[in-house]
Amino acid sequence: MDRPALGALVLQSLVWAFLAIGGAPTLLPDIHRYVVEVHHWMTSTQFAEVYALAQVAPGPNIMYVTLIGWQVAGWAGAAATTLPWLVPTSTLTLLVGHLHARHPQAALGHAIRRGLTPITLGLMFASGWTLMRTVDHDWRGFLLTLLAGVLVLRTPWNPLWLIAAGALAGLAGLV
Amino acid sequence: MATPSRSDTVPASDGPHVSAWALFLTCSRITLSAFGGLQFWARRALVERQRWLTEQEFVDLLTLGQLLPGPNVLNVTVMVGYRFAGWAGAAAAVAGLLGWPCLVVIGLGMLHQRYGALPCVQHALTGMSAVAVGLLLASVIKMATVLPRQWRPWLFAGLAFVGVGVVRWPLLWVMGVLAPWAITLAWKGKD
């Protein structure tokens with residue numbers, strides 16, 4: 001990737017970092033739009049695979065953002081998508097932490113949370129929707145997705161086992 | 001706050017003495033054991049094992065971390081790190097929490113680049129991807145249980161979904177319009 005494109009990726013990642021209220025999964029549709037639809041840096045299928053791989057890795061759920069950066073532009077890309085998460089948002093966190101310590105019951109905080117929770121939810125659903133349209137090509141894919149969702153809600157099983165079972169189902173040619 | 005004498009982010013003069021190195025080690029352990037859900041492991045390490053935070057302090061910090069942009073648990077560890085060891089502590093906590101997962105995930109990426117095109121790997125990845133979508137949608141359903149049974153929150157959830165997921169407008173535009181509108185309504189107490 002050339003330098004201007006990398007610079008654009010850094011700027012875009014900064015925007016993402018500040019929009020990621022409620023966590024990185026809410027960003028998925030916008031990252032897909034930017035990386036796959038606008039810039040054609042990877043295919044939709046590659047995008048979904050990278051997301052699934054990152055689910056297997058330990059750590060916070062922004063790791064898929066790092067992996068997408070790496071896939072697009074190597075180590076520089078990984079740094080370009082990951083570092084904007086750290087410094088500006090952490091500084092903001094410390095600043096707000098100070099304010100919160102002084103005014104722990106601030107009504108604005110409540111209003112922000114109550115206002116943003118539904119939006120976060122809508123965005124998460126958009127993430128699932130975006131991935132589902134990429135990943136599930138026929139009823140068997142939809143069935144596996146449905147089954148995984150039901151099992152993780154209804155059983156105490158570790159989600160990693162479900163992902164491993166998905167890999168096995170794929171190997172067996174079931175999806 | 002359970003302990004008003006101690007603020008959230010100012011380095012503590014009382015309470016346990018914690019070095020930046022200890023913060024780095026603990027955050028490394030949290031993140032490397034955190035397969036599927038960082039929150040669980042962070043609470044276990046910070047509240048139960050190390051006893052750096054009380055239950056109430058952890059909940060307070062997590063609530064605050066959820067309000068702020070960026071990963072919730074990362075925000076919590078930044079505040080914990082700063083509180084015990086200043087800027088060095090915050091940096092050590094972030095390095096511990098994010099450094100190892102970055103290396104692991106890029107290692108997986110390298111394997112994917114080398115072997116990803118093999119048919120058997122392709123099949124396994126298809127199955128894994130289908131499950132990963134199911135897990136994501138399940139977490140949406142879990143979160144939806146906290147929404148009040150009124151039409152306005154669901155309208156905002158629907159607008160966010162349609163704008164970003166279906167029409168595919170840039171997230172910045174959608175958030176720029178919806179977020180101030182929703183916060184203003186919540187501020188006025190109309191929902």
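Colleague: Which pattern does chain A follow when read along the sequence?

Modeller: The pattern is α-α-α-α-α-α-α; chain A has seven helices and zero strands. Helices (H or I, at least four residues) and strands (E, at least two) are DSSP runs, numbered from the N terminus. Please note that this is a predicted model, in which local features need pLDDT of at least 70 and side-chain atom pairs count only at pLDDT 80 or more, while totals for chains, interfaces and linings use all residues. Residues are numbered from 1 along each chain as its sequence is written, chains are lettered from A and ligands numbered from 1 in the order in which they are written, and side-chain values use heavy atoms, with hydrogens and water left out.

Colleague: What does the C-alpha trace of chain A span, along its principal axes?

Modeller: The spans are about 55 × 45 × 25 Å. Chain A has 175 residues, and 53% of them count as buried. Buried means under 20% relative accessible area, exposed over 50%, and partly exposed in between (1.4 Å probe, protein chains only).

Colleague: Why are A:D30 and A:R33 separated by about one helical turn?

Modeller: They are three residues apart in helix α2 (residues 28-38) of chain A, so about one turn separates them. An α-helix has 3.6 residues a turn, so residues three or four places apart point the same way. A:D30 and A:R33 are both buried.

Colleague: Which pair links distant parts of the chain?

Modeller: B:E57 and B:R83 form a salt bridge at 3.2 Å, N to O. B:E57 lies in helix α3 (residues 55-67) of chain B and B:R83 in helix α4 of chain B, 26 residues apart. Both residues are buried. Elsewhere, salt bridges with shared partners join B:R43, B:E48 and B:E55 into one network.

Colleague: Are B:E48 and B:R43 buried or partly exposed?

Modeller: B:E48 counts as partly exposed, at 40% relative accessibility, and so does B:R43, at 26%.

Colleague: New topic: how many disulfides does the structure hold?

Modeller: Zero, over all chains; a disulfide is a pair of cysteine sulfur atoms within 2.5 Å. For B:C102, the nearest cysteine sulfur is that of B:C27, 14 Å away. B:C102 counts as buried, at 16% relative accessibility, whereas B:C120 is partly exposed, at 43%.

Colleague: Finally, where is A:W75 placed?

Modeller: A:W75 is in helix α4 (residues 63-102) of chain A, and this residue is exposed, with a relative accessible area of 51%.

Technical notes: Salt bridge = Lys/Arg side-chain N within 4 Å of Asp/Glu carboxyl O.
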